[in-house]
Amino acid sequence: MASHPRAALDQTARCPVDHARDDRKSASAARGGLLDAPIVSGYDAVRAVLRDTNGRQAGFKAEVIGKYRSQARPPILYLHGEAHRRQRSGTARFFTPRVVETRYRELMERTSDALIARLVSDGGGELDKLSLDMAVAVAAEIVGLTESDVAGMSRRLDSFFSTAFQTRRGRFAELVSFLLNQWRMRRFYAMDVKPAIAARRATPRADVISHLLSEGYTPLEILTECFTYGAAGMVTTREFITMAGWHLLERPELRTEFLGADADSQIAILEEILRLEPVVGTLYRHVEGGTVALDIRSANGDATAVGACPHALDPDRERAPRVTGPGLAFGDGEHRCPGAGVALHESAVFLDRLLRVPGLRLARAPDVGWNPLVAGYELRNCRLAIDPVTSP
């Protein structure tokens, strides 16, 4: 199921002498697609499946979420056709570029300043923890999960979604994990979702929970949607901010370029990092004939689409027509990530402020693991330090 060949882009002048250059940091952690599922690779082939209107969403542990849903309607991630279009159009207004700039940018800036002030006060910290707090604060405002403590909600979501560094195996361990996740789900509902529902019933706002209530969603259905947004938005953005920060901190010339760039150019740099390091490495679809695993990493590394030296980090690379900066890292078709603009803008705001901290350096590169829940990498224990800066 490889893509149809297309003339490779002539990028010899931009390509390093070593054509095998590989700047990827997460490649060693990737484990491929579903067991016993055909793997679709290459940009054209993967995009074609994503745009197939007869295909159905799979992955993201649909069968696990189904255990919690009972007879509830499926979350937007698993809707298709007219039902998906209706729900997508109802929530799209929360993710438009204008709304991001006018409604959420001040929150992004305020949250970034508070997190960085804490980092400076402590003399250092872990980038992955700061990134999670940043991602949760922004996504919580969009979804409507604003009636609980952000730091507490970050811990509750992290305990559920972070799986790469859990080492226990076997049936007993799986049973314990299942029971723990049941408890975590109930705790997330009691501490975060239930208070938000009550507040929005009393005073609706321009957010996802208020919209769901207006559509007659039950508390269980709203919980499932919030859980889905937690996986699709908060967790993946956390990983990307950490990954982008890792690249920028290890490459002084790229850090300088990023800090000297305007907003659009900063986004272009981040899109190139995301193309190289897609957080979700595999997407899944039910198609005629069964389930297939879509290899996003191979699609984003297809030289016929993204140019020569596809594994080199080059924000100025020449791409084929209609190939966007992040490639297929945000998906494509009807299920393309609606929060793509939010994720890129909050990453740019946070990293711009972070990288301007005098004396900031990477004290410890993160541990890289693989999260089968989202089929993507996890970065943990990314330690930042702040060295004293002396006046000349």
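## Basis of the model

Residues are numbered from 1 along each chain as its sequence is written, and side-chain values use heavy atoms, with hydrogens and water left out. In this predicted model, local features need pLDDT of at least 70 and side-chain atom pairs count only at pLDDT 80 or more, whereas totals for chains, interfaces and linings use all residues.

## The largest cavity

The structure holds four cavities of 30 Å³ or more. On a 1 Å grid over the protein atoms alone, a cavity is a set of points where a 1.4 Å probe fits but cannot get out, and lining residues have an atom within 4 Å of a point. Grid points are joined across faces, edges and corners, and a volume is the space filled by probe spheres set on the points.

The largest cavity has a volume of about 760 Å³. Its lining comprises 38 residues, and A232, G233, T236, C337 and P338 lie nearest its centre. Helix 9 (219-250) is among the elements that give two or more residues to this lining, and helix 9 gives the most, with eight residues. Helices (H or I, at least four residues) and strands (E, at least two) are DSSP runs, numbered from the N terminus. By class, the lining has 25 nonpolar, nine polar and four charged residues; Ala, Val, Leu, Ile, Met, Phe, Trp, Tyr, Cys and Pro count as nonpolar, Asp, Glu, Lys and Arg as charged, and the others, Gly among them, as polar.

## The second largest cavity

The second largest cavity has a volume of about 50 Å³. Residues that line this cavity include R24, R275, R297 and H311. Three nonpolar, three polar and three charged residues make up the lining.

## The second largest pocket

A pocket is an open set of points with protein on both sides within 12 Å along at least five of seven lines. The second largest pocket contains about 280 Å³ of space. Among its 18 lining residues, R118, K129, L130, L132 and D133 are the closest to its centre. Helix 5 supplies the largest share of the lining, five residues. The lining divides into 10 charged, four polar and four nonpolar residues.

Four strands form an open sheet of mixed pairing in the order 1-5-4-2; two strands pair if DSSP finds at least two bridges between them. Strand 1 (39-40) and strand 2 (56-58) stand at the edges with a single partner strand each, so one side of each is left without a neighbour in the sheet. Strand 1 pairs with strand 5 (residues 290-295) in the parallel sense over two bridges, and V40 stands opposite L294 in strand 5.
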